[in-house]
Amino acid sequence: MKRIAVMMICMLVIPIVASADLTIREKTHIRAFMGVWVSEGSELTYIKGEKMRSESETEKTGMGAQRGVKAPPPAVTIVRLDKGVVWHINTLDKTYMESPLDPVPEAGDQEVYRFSFRDLVVEDTGETREVMGKVCDGVKAAIVFETEGDDGPVVQTVDVLFWMTSEVKVLAQMRSFWETMIEMTQGTRERIPLGDAMAELWEKVGKDGKVPLAMDMSIAASSLDPESEAKTKASLEAMSEMMKERSGEEEGLIGDVDDTAMRMTREIISISEDKLPDSLFEIPEGFRKAQQIRRW
């Protein structure tokens, strides 16, 4: 489930290039499966030509919340299509990690990933809501993937409710960056059909030139038989109670343990076309390259 979650975040959330410089601010919410933890935060994305920088700040609560650095700085990621790299930057330690945008190499003769895009169903909900003062129409999409599990094929469904509008013209230019990045990161050896899913998704969801200003996403947990699911719930509830007793704090499960899906929401709260300096998309002077960096 985690792998598909990452894929869908990339596919549905990463802002794309525009001819003008763009600064996009969003508010975010993530609830882990069975309420293990909840994250509330914001994300600031800067876009300039073939360059993108994102800065995310989150506060996590629940039994899965990380301990350690208090009030950590934003997590910074820079995508450089012109250089074919991604930089993950730790501004507290002054370190950075570099990853190629090229497809993941094969591990011997074994393919790294084996995903298949099975189905996509899109329907208008007939509902509307305001986002950034714009009237948005609700559009539901159910995306079905299949991957290979230890005991055979595993089907996972991603349900997304998009809030679409045609009133924000600048976002209509945001397709080419995303498509180029997917082309660079998706190889036949990985068999991750993001490009196939994206093409069909946006053909149906983005009709009439509409773009999303908000989305609610639900990723179903991997299929468990009733006995295994009951054991998992019981174990999590027991761990939650133990942690509460040890810490004396209400840091246990958050929400309904019977809700096994991972849930994410994102909403754009502001868009600016102010000119951006090139330095935003470079590694700061004096930062040290590392194999791994601390992340929060």
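Visitor: Before we count anything, what counts as a helix or a strand here?

Guide: Helices are DSSP runs of H or I with at least four residues, strands are DSSP runs of E with at least two, and both are numbered from the N terminus. The model is a predicted one.

Visitor: How many helices and strands are in the chain, then?

Guide: The chain has four helices and twelve strands.

Visitor: What share of the residues count as buried?

Guide: 42% of the 296 residues count as buried.

Visitor: Salt bridges next. How many?

Guide: The count is twelve salt bridges.

Visitor: Pick one. What does K27 pair with?

Guide: K27 forms a salt bridge with E267, at 3.9 Å from N to O. K27 sits in strand 1 (residues 22-31) and E267 in strand 11 (residues 262-272), so far as sequence goes 240 residues apart.

Visitor: Are those two buried or exposed?

Guide: E267 counts as buried because its relative accessibility is 17%, under the 20% limit. K27 is partly exposed, with 44%.

Visitor: Which arginine forms a salt bridge with E267?

Guide: R129, with the closest N and O atoms 2.9 Å apart. R129 belongs to strand 7 (residues 115-131) and E267 to strand 11, so this pair ties together parts 138 residues apart in sequence. R129 counts as partly exposed, at 27% relative accessibility.

Visitor: What about E98?

Guide: E98 forms a salt bridge with K289, and the closest N and O atoms are 3.9 Å apart. The two are 191 residues apart, with E98 in strand 6 (residues 95-100) and K289 in strand 12 (residues 288-289). E98 is partly exposed, at 36% relative accessible area.

Visitor: Which residues does the salt-bridge network with K48 link?

Guide: The network links D21, K48 and D278. K48 lies in strand 2 (residues 37-48), and its relative accessible area of 15% makes it buried. The side chains of K48 and D21 are also joined by a polar contact of 3.0 Å.

Visitor: What else is K48 in contact with?

Guide: Setting aside neighbours within four places in sequence, K48 is in contact with D21, K275, L276, D278 and F281.

Visitor: Changing topic: where is R53, and is it buried or exposed?

Guide: R53 is in strand 3 (residues 51-62). R53 counts as buried, with 11% relative accessibility.

Visitor: Which backbone oxygen does the R53 side chain reach?

Guide: The backbone oxygen of L280, at 2.8 Å. Residues up to four places away in sequence aside, R53 touches L44, T45, Y46, V76, T77, I78, L280 and F281.

Visitor: I78 is on that list. Which strand is I78 in, and what stands opposite it?

Guide: I78 is in strand 4, and R53 stands opposite. Strand 3 and strand 4 run antiparallel and are joined by six bridges.

Visitor: How covered is strand 4?

Guide: Mostly covered: strand 4 spans residues 75-80, and five of its six residues are buried.

Visitor: How does strand 4 run relative to strand 5, parallel or antiparallel?

Guide: Antiparallel, with five bridges between strand 4 and strand 5 (residues 85-90). R80 stands opposite V85 in strand 5. The hairpin these strands form has four residues between the strands, and G84 takes a positive phi near 70° there.

Visitor: Last topic, the nonpolar cores. How many residues does the largest have?

Guide: The largest nonpolar core has 18 residues, and those with the most contacts inside it are I143, V158, V160, F162, L201, V205 and M217. At least two residues of this core come from each of strand 7, strand 8 (134-149), strand 9 (152-165), helix 3 (194-205), strand 10 (211-219) and strand 11.

Visitor: What is in the second core?

Guide: The second core is separate and has 17 residues, including V86, L101, C136 and V170.

How values were computed:
Residues numbered from 1 in each chain as written. Predicted model: local features only at pLDDT ≥ 70, side-chain atom pairs only at ≥ 80, totals over all residues. Heavy atoms only, no water. Salt bridge = Lys/Arg side-chain N within 4 Å of Asp/Glu carboxyl O. Buried < 20%, exposed > 50% of the residue type's maximum accessible area, 1.4 Å probe, protein only. Core = buried A, V, L, I, M, F, W, Y, C linked by side-chain atoms within 4.5 Å. Polar contact = N/O pair within 3.5 Å; in protein donor to acceptor, adjacent residues only side chain to side chain. Contact = heavy atoms within 4.5 Å. Pairing = 2+ DSSP bridges.
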